[in-house]
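Trainee: I have a new model open and would like to go through it with you. Where do we start?

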Amino acid sequence: MSSRSPSIIAAIVLGAIVFLAGGLGAWHVWQAVRRPVQLLNTERQVEQTKLPATSSSPSQNYVGATACRACHQSIWDRYQSHPMANSSAIVSHATPLEDFDHNSSFVVSTHVGDVEYRVEKTLEGVFHHESLTDAELGSIYDQRVRVDYVIGSGRHGRSYVSEQGDCLFMSPITWYSGESNWGLSPNYRPGNNPRFERRIVLACLVCHAERVSVDRDAPNHFSSPAIQEGRIGCESCHGPGAGHVEFHQQRVQTPQQLTVSDSIVNPAKLDPVRRESVCWQCHFAAEERIPRFEKLDSDFRAGDRFDDIWVAFVRGLRLGEDGSMRVASHVEQTQVSVCSQRSGGRFGCLSCHDPHSVPSETERETFYRAKCMNCHSDRGCTLSLSERTRQNSDSCIGCHMPSHKLSRIPHTSSTDHRILRHPEPELPPKHDQLLTIFRPDDRKLPPVEEDRAWGLVLAKFAYLQQDVEIARVAKDKLSAVQPRVPGDNRVLEWLGVCEELLHRPEVSRDYWLQILKSAPKDEGALHRLAELSITQGQPLQIKQALTSYLNVNRWQSSYQLRLAAASGHLGQLDEAARYAVEALRINPTLATAHQILAEVYRRQGMAEHARRHQQVSKRLESAP
């Protein structure tokens, strides 16, 4: 077959282009809210100052949480029941929680019929299945994917992550503890979800594990095991402990010859912002969190300020459309509380929360009432005891921190942390507030850092909304910043995105190729070039670009499918079949992949194989 000859595969190519028009736009998971550009408060004009020298990489002197146990047994024992102590694990090391023997499957109705999800535990590990069976054709597919890590304390539920090469992906199956059953993972919709292809990136992982295998040159790629130490452990909040252990060993063995100082951090003894930053590192997602120049999400250490690592953007109290509040919004809510504003920095997370244990449901009201009385014992509640008991069982938080709508989606909270004297019956969502930089004590970062963050966040908004006006503003910001942040590949990447939105794709290409000169495996640049090739290139250029991307992340069914289409158009039938099969291994619901295989097998004289794939393709394209 000549690449110039008309063929069914050529038609399939066009179909694949339509199928892939969205590409991998979700590669960067940005929590953007659509807003007109006038609501993006850029605060000031770009200032022409150079970026300060960056600090060295953070300490890696970890010893592991078990090293703390010998001297801190009582704290260790209390902490084991804390949700943070069970926040992640390798599957084989996870505390037994799920029921693998009863009701280990569930069915979800979709446009192609009833899809079954099933969990299987064997001597080889834990496997998640997604399968579809047809009354006439029999089994359409039964996809079996091994899961390698558990994420979540199990207090509300537990999700699962599979390792594909050096990339991590979420399973569509989650265990829900409250209902004691299996169900679709949070934000997965029946028949319209990322299945086993939802990417888990560094920013997700670091808040569920004490240590991960970070590659600074490719931070969303991990050597195995990706989770080097599960849970949120002692060193997450107290800093790496090697120096602490060595100090105390020397103090016992050679007290007159101490050569090291005690490096451990007690958050309670830090200044207010550094103290709160220990909690904020995970409990403050903000509207956007942009790591500072040459910083990674894994760089925070106890004793740092939050804004040493990130530039955070906020907008109002970040309430959901239904009035619900995410855990991350606790930070902003607490900051506007009277307790915080009138305490001179004394009030914070530790004022109410014991970081080593959580009260049981029966102890909860008494526990938090005692916390309130630590500050309010001189002037108690104005209501009588009988009235307080009648209204809220004499619960301070029941009255002043009421619960609102609770979603079972992780990172969703129900408690109002504004601590109002007279709480509103329902919290209205905020839609029209400006996007601003979070400044816990009015500290301003170096202008170039703030300009860089503004440029990146505006570029992402422009991309998500395909907004040329915002793209132009973002491009101006990033163009002014770029000479001051040499080697910043994210600035170059998003400058390219802005230029593409402004209809200058060749300028975009130049930016992305510039990244690859110094970082040939940069996934962001390879992804952008692959997307550009799909919209502009000829089959040979498309194949080259997609192959380069798949060399760094093969678990992408849409790119495997497009590569199959390009190979078929070039007459490379064996390669077309190989890539189509790989696409179906990752996502067996792809009707287009079956079409390509049907055409390839027909041309190769394999009529029965061609007929089967044609039937399955038609079955997947329509309801049963």
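Predicted model: local features only at pLDDT ≥ 70, side-chain atom pairs only at ≥ 80, totals over all residues.

Trainee: OK, how many helices and strands does the protein chain have?

Mentor: The secondary structure comes to 24 helices and 18 strands.

Trainee: And what share of the residues counts as buried?

Mentor: Of the 624 residues in the protein chain, 50% count as buried. The accessible surface is about 30100 Å², and carbon and sulfur atoms account for 52% of that surface.

Trainee: On to the rings. How many aromatic pairs are there?

Mentor: The count comes to 16 aromatic pairs. One of them is Y160 with W182, a tilted pair at 5.9 Å centre to centre, with 40 degrees between the planes.

Trainee: Why does that pair tie together separate parts of the chain?

Mentor: Y160 lies in strand β7 (residues 157–164) and W182 lies in strand β10 (residues 181–184), so the pair joins parts 22 residues apart in sequence.

Trainee: Are Y160 and W182 buried or exposed?

Mentor: Y160 is buried, and W182 is buried as well. Another aromatic pair is F313 with W454, which is edge-to-face: the centres are 4.7 Å apart and the planes are at 70 degrees.

Trainee: Where do F313 and W454 sit in the chain?

Mentor: F313 is in strand β15 (residues 310–314), while W454 is in helix α15 (residues 447–465). They are 141 residues apart, and the pair links distant parts of the chain. F313 and W454 are both buried.

Trainee: Which residues form an aromatic cluster?

Mentor: W280, F284, F300, F306, W310 and F438 form one cluster.

Trainee: Now some single residues. Where is N220?

Mentor: N220 is in the loop between β12 (209–214) and β13 (222–230).

Trainee: Why does N220 count as buried?

Mentor: The cut-off for buried is under 20% relative accessible area. N220 is at 16% relative accessibility, so it counts as buried. Its side chain reaches the backbone nitrogen of L202 at 2.9 Å.

Trainee: What about L445, buried or exposed?

Mentor: L445 counts as buried, at 8% relative accessibility. The place of L445 is in the loop between β18 (436–437) and α15.

Trainee: And which residues does L445 touch?

Mentor: Leaving out residues up to four places away in sequence, L445 touches R292, D307, V311, R439 and E450. L445 and D307 are 138 residues apart along the chain, with their C-alpha atoms separated by 7.9 Å.

Trainee: How about E288, buried or exposed?

Mentor: E288 is buried, with a relative accessible area of 3%. E288 is found in strand β14 (residues 288–291). E288 and L435 are 147 residues apart in sequence, and 9.5 Å apart in space from C-alpha to C-alpha.

Trainee: Changing topic to the backbone. Which peptide bond is cis?

Mentor: The bond from S224 to P225 is cis, with omega near 0 degrees. P225 is in strand β13.

Trainee: What is phi of E294?

Mentor: Phi of E294 is near 60 degrees, a positive value in a residue other than glycine. E294 is in the loop between β14 and α8 (306–309), and at 47% relative accessibility E294 counts as partly exposed.

Trainee: And what is phi of Q466?

Mentor: Phi of Q466 is near 50 degrees, a positive value, and Q466 is a residue other than glycine. Q466 lies in the loop between α15 and α16 (468–481). At 53% relative accessibility, Q466 counts as exposed.

Conventions:
Residues numbered from 1 in each chain as written. Heavy atoms only, no water. Helix = DSSP H or I, 4+ residues; strand = E, 2+ residues; numbered from the N terminus. Buried < 20%, exposed > 50% of the residue type's maximum accessible area, 1.4 Å probe, protein only. Areas by Shrake-Rupley, 256 points an atom, 1.4 Å probe, with all protein chains shown as cover. Phe/Tyr/Trp six-rings, centres within 6.5 Å; stacked < 30°, edge-to-face > 60°. Polar contact = N/O pair within 3.5 Å; in protein donor to acceptor, adjacent residues only side chain to side chain. Contact = heavy atoms within 4.5 Å.
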